Every structure is written in C-alpha cells, then in structure tokens.
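Biologist: I am new to this structure and would like to learn how to read it. Could we go through it together, one feature at a time?

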Amino acid sequence: MNDHSSTNWNWSVTGIAIRNNTVLLARHTYGGGKGKWIVPGGYLENGESPEEAVKREFLEETGVAVEPQDVIGIRCSEKNWYLAFRVTYISGEARSDGDENDAVEWMNIDEVMGREDVPGLTKALIRCALSGTGLPVIPFETQHGGTLWGVAEA
C-alpha cells in the first residue's frame with residue numbers, strides 16, 4: 001500500500017473485469033476488508049483521470065491490463081466518491097501485489113455470489129456489470145477537458 005503525497009484520498013475507482021463467466025477479485029490484506037475478496041481499485045493521484053487510475057490500479061494490484069468501457073456505478077458519501085467501471089481484460093496473468101492483497105484470482109461468478117467472504121458492495125457491482133447497461137462516454141466540447149459519462153443521447 002503506497003502512501004503517495006499526491007494521492008487524492010476523496011476520489012477512488014474500481015473496475016469489474018468479467019471473462020468466461022469469471023470475475024477478477026483480490027483478497028484484501030488490511031482494514032475492514034481484510035480477508036475479503038473484493039474488486040481491484042484505489043485512489044486517484046492528483047492530475048490523473050478516473051480512466052487512467054483504474055488502468056493503473058489494476059496493473060499494480062493484479063498484473064492485469066484492462067481498458068475501461070463504461071461507468072456502471074457510483075457510490076457517494078459526504079466525504080468521497082467511488083466510481084465503478086466495466087472493464088475489458090487486455091493482457092496479463094493474475095497475481096498478487098504482495099501488499100494490498102495476498103491473492104488474486106479469476107473466480108466463477110455463480111460461486112462468488114454465494115460466498116460470505118465477498119462483501120455486498122462487490123456483489124452489487126458484479127450485478128451492475130452483468131446488466132449489460134452502463135453510462136457511455138458522451139462527446140462534448142469544452143475548454144476544461146474531462147469526460148462526460150451519461151445516458152446515451154437520443
């Protein structure tokens with residue numbers, strides 16, 4: 001677990017990678033999630049987009065390269081937000097980072113949904129990813145940059 005001074009502790013991302021009826025999960029090593037199988041993710045670095053962050057976090061934590069496709073969920077609280085992407089597997093072999101997690105596996109989705117060591121938020125995000133619908137990128141013109149994820153234009 002890196003403690004970067006450039007980390008934005010209020011903004012975080014995750015991705016749900018599904019292939020061949022399996023989902024990529026990591027067994028967490030600290031905090032309230034210790035020993036639980038969760039989706040990979042983490043905090044944004046200052047100046048980093050959510051899309052860049054989810055790709056970086058997956059590679060750092062699992063050794064797997066992914067590409068974000070669409071937004072499937074947003075968890076907001078008074079203190080922070082957590083943006084969830086459906087991601088596509090690009091390359092790499094699943095492996096633990098030996099720090100934030102002690103195991104990374106492609107696990108059968110049906111089995112995952114019945115496990116007690118998989119938190120409710122992880123299960124809810126998997127259901128969102130399986131729904132087949134998400135918020136796509138909506139092109140727009142701006143001087144300030146950024147990405148708009150929204151309901152498809154009519």
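Biologist: What volume does the largest pocket have?

Modeller: On a 1 Å grid over the protein atoms alone, a pocket is an open set of points where a 1.4 Å probe fits, with protein on both sides within 12 Å along at least five of seven lines. Points are joined across faces, edges and corners, and the volume is the space filled by probe spheres set on them. Here the largest pocket comes to about 800 Å³. Keep in mind that this is a predicted model, where local features need pLDDT of at least 70 and side-chain atom pairs count only at pLDDT 80 or more, while totals for chains, interfaces and linings use all residues. Residues are numbered from 1 along each chain as its sequence is written, and side-chain values use heavy atoms, leaving out hydrogens and water.

Biologist: Which residues of the lining lie nearest the centre of the largest pocket?

Modeller: A lining residue has an atom within 4 Å of a grid point. The largest pocket has 36 of them, and Tyr30, Gly41, Gly42, Tyr43 and Glu100 lie nearest its centre. Elements giving two or more residues to this lining are strands E1 (7–19), E2 (22–28) and E4 (41–45), with helices H1 (50–62) and H3. Helices (H or I, at least four residues) and strands (E, at least two) are DSSP runs, numbered from the N terminus.

Biologist: Let's look at one of those helices. Which residues of H1 are buried?

Modeller: Buried means under 20% relative accessible area, exposed over 50%, and partly exposed in between, with a 1.4 Å probe and protein chains only. In H1, the buried residues include Glu51, Val54 and Phe58. Their cover includes E1, E2 and E4, along with strand E5 (65–76). After H1 comes Gly63, with a positive phi near 75°.

Biologist: And H3: is Thr122 buried or exposed?

Modeller: Thr122, in H3 (residues 120–130), is buried, at 5% relative accessible area. Contact means heavy atoms within 4.5 Å. Leaving aside neighbours within four places in sequence, Thr122 touches Leu25, Trp37, Ile38 and Val39.

Biologist: How many disulfides does the structure hold?

Modeller: A disulfide is a pair of cysteine sulfur atoms within 2.5 Å. The structure holds 0. The sulfur of Cys76 is 13 Å from the closest cysteine sulfur, in Cys128, so the two are too far apart for a bond. Cys76 is exposed at 58% relative accessible area, and Cys128 is partly exposed at 28%.
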